[in-house]
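Trainee: I would like to learn how to read a model of this kind with care. Could we go through it together, one feature at a time?

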Amino acid sequence: MKLNRIKTFCYLIGVFALVGCKLNNTKAVKNDSWEYLFNGENLDNWIVKIHKHELGDNYANTFQVKDGAIQVSYKDYEKFDERYGHLFYKEPFSNYHLKFEYRFTEEWLEDAPGYTYRNSGVMFHSQNPKTILKDQDWPISVEYQMLADAEDGNPRPTGNMCSPGTEVFYKGKMDPRHCINSSSNTYPWNEWVQAELIVQDSLVTHKVNGEIVLTYTKTQIGGGTTNGYNPEIKQDGKMLTEGYIGLQAEGQGVLFREIKIKRLK
């Protein structure tokens, strides 16, 4: 009888150990599929480029880390003076699923253009930040544009597309608009919003709080808006299949957190 109890006990230990191994392996696979680009502590692996400043000059501590989030701050600015800034991750990506959360702050510099109020974005398929000239305002890239309620009674969808120095196909044809609005709701400026960008081959999908709000295809270099670039970089008609990801700073305070990416085949 005692021997049977020992055998049963040993069997149960083996079962629990096997289940534990399976759970741990499942967790490992899940964690390996998503890569955090921001460690929640510092700006390691990120590169700053601000208009009118050299690469790497984080003027007036524009990009900083606060309470586990990347904050675009203008507390040490006297005036904006067209200092359009971007914080780029160190390496380019091609096919991927990007997730991040954002919300705006109360900071806004009044000498910034009016359209920048409660407006920011995440650039992708961007040119290498090392090729952005000192006096170039925006990188040649595609933008996942973020907007919030301006409290003027007008709808302001978020998860839109803007195209500095680029063009896209929307509903089967090239769309001449610089920005294309999504179908999202309008959200308060101080509410955290979950954003997703899925780039796979030619198809680009924008999601807001889990819902698909915009799709388009054939991202390519072309069009206007960007100024001060190297003409050798702006090869109109060149298809964009990869590039750098950058967080935008254009006069409006904003917070970014939970920035992670899954590489797709």
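This is a predicted model: local features need pLDDT of at least 70, side-chain atom pairs count only at pLDDT 80 or more; totals for chains, interfaces and linings use all residues.

Trainee: How many helices and strands does the protein chain have, and what share of its residues counts as buried?

Mentor: The protein chain has 17 strands and one helix, and 47% of its 265 residues count as buried. Among the contacts between residues at least 6 apart in sequence, 72% join residues at least 24 apart. The chain exposes about 13700 Å², of which carbon and sulfur atoms supply 50%.

Trainee: Which residues have the most contacts inside the largest nonpolar core?

Mentor: They are L98, F100 and F256, in a core of 54 residues. Strand β6 (residues 96-108) gives the most to this core, with five residues. If residues up to four places away in sequence are not counted, F100 touches V122, Y144, M146, V193, Q194, A195, F256, R257, E258 and I259.

Trainee: Is R118 buried or exposed, and what does its side chain reach?

Mentor: R118, which lies in the loop between β6 and β7 (119-126), has a relative accessible area of 8%, under the 20% cut-off, and is therefore buried. Its side chain reaches the backbone oxygen of D149 at 2.7 Å and makes a polar contact with the side chain of Y117 (3.2 Å). Leaving aside neighbours within four places in sequence, R118 is also in contact with residues including F104, M146, R156, W189 and Q252.

Trainee: Which cysteines form a disulfide, and why is the disulfide called right-handed?

Mentor: A disulfide is a covalent bond between the sulfur atoms of two cysteines. The structure holds one disulfide, formed by C162 and C179, with their sulfur atoms 2.0 Å apart. The pair links distant parts of the chain, 17 residues apart, with C162 in strand β9 (residues 160-162) and C179 in strand β12 (residues 179-180). The torsion about the S-S bond of C162 and C179 is about 110 degrees, so the disulfide is right-handed. As for accessibility, C162 is buried, with a relative accessible area of 2%, whereas C179 is partly exposed, at 26%.

Technical notes: Residues are numbered from 1 along each chain as its sequence is written. Side-chain values use heavy atoms; hydrogens and water are left out. A disulfide is a pair of cysteine sulfur atoms within 2.5 Å. Helices (H or I, at least four residues) and strands (E, at least two) are DSSP runs, numbered from the N terminus. Buried means under 20% relative accessible area, exposed over 50%, partly exposed in between (1.4 Å probe, protein chains only). Contact means heavy atoms within 4.5 Å. Accessible areas come from the Shrake-Rupley method with a 1.4 Å probe; for residues, only the protein chains shown count as cover. A nonpolar core is a set of buried Ala, Val, Leu, Ile, Met, Phe, Trp, Tyr and Cys residues joined through side-chain atoms within 4.5 Å. A polar contact is a pair of N or O atoms within 3.5 Å; within protein, one must be able to donate a hydrogen and the other to accept it, and residues adjacent in sequence count only if both atoms are side-chain atoms.
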